[in-house]
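Here is a short report on a protein chain.

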Amino acid sequence: MITAAWIGIVLLFIISFAGLIFPIIPSIVFLWGGFLLYHFGINHEELSVVFWLAMAAFTILIIVADILANSYFVKKYGGSKWGERVAALAVIAGSFVFPPFGILLVPFTAVVVTELLIQKDAKKALTIGFATFIGFLSGTIAKLIIQVIMVIWFFIDAII
């Protein structure tokens, strides 16, 4: 039974990392699923209060990093509120269109078109589209780093 639980934990962690490529997958939910499977299925005393508080803080950090990275770059390069909203929706839509490249191409294209319609300046629209691309990559890298830290911390607490 413990082996099955460990297999489940590892699978949940793998799925959480797939969420970096397919944003429709709620990465953080699968990470927490692995933590809770360990807690309720293997050992409910091993993970410390510090671990749980740190994971809650990292969860908030992942959410904030994702939102702020996109918003920051779009605003920095003069994007509109509509450009920000379209970028967020296009990332989700892009995960279904030509994955995994759709999550890069669809938001870029959607923001460029949106900003062309709003600002009527092709050069500025391309710049904002590129900023969306950089924002997405920055947010994804930040989430990857935070998730790796969370998983390593989990294994250190659970095994050692």
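Is Phe 155 buried, partly exposed or exposed? Phe 155 is partly exposed, with a relative accessible area of 26%. Buried means under 20% relative accessible area, exposed over 50%, and partly exposed in between, with a 1.4 Å probe and protein chains only.

This is a predicted model: local features need pLDDT of at least 70, side-chain atom pairs count only at pLDDT 80 or more, and totals for chains, interfaces and linings use all residues. Residues are numbered from 1 along each chain as its sequence is written, and side-chain values use heavy atoms, leaving out hydrogens and water.

**Fold**

The protein chain has 6 helices and 0 strands. Its pattern along the sequence is α-α-α-α-α-α. Helices (H or I, at least four residues) and strands (E, at least two) are DSSP runs, numbered from the N terminus. The C-alpha trace spans about 60 × 30 × 20 Å along its principal axes. Of the 160 residues, 39% are buried. Take the contacts (heavy atoms within 4.5 Å) between residues at least 6 apart in sequence: 69% of them join residues at least 24 apart.

**Aromatic pairs**

A pair of aromatic rings is described by the distance of the centres and the angle of the planes. Rings of Phe, Tyr and Trp (its six-membered ring) pair if their centres lie within 6.5 Å; planes under 30 degrees apart count as stacked, over 60 as edge-to-face and the rest as tilted. The count comes to 17 aromatic pairs. Two of them are tabulated here.

| Pair | Class | Centre to centre | Angle between planes |
|---|---|---|---|
| Trp 6 and Tyr 38 | tilted | 5.5 Å | 55° |
| Phe 13 and Phe 155 | edge-to-face | 5.8 Å | 90° |

Both link distant parts of the chain. Trp 6 lies in helix 1 (residues 2-18) and Tyr 38 in helix 2 (residues 27-41), 32 residues apart. Phe 13 is in helix 1 and Phe 155 in helix 6 (residues 122-159), 142 residues apart.

Trp 6 is partly exposed at 22% relative accessible area, whereas Tyr 38 is buried at 3%. Phe 13 counts as buried at 4%, while Phe 155 is partly exposed.
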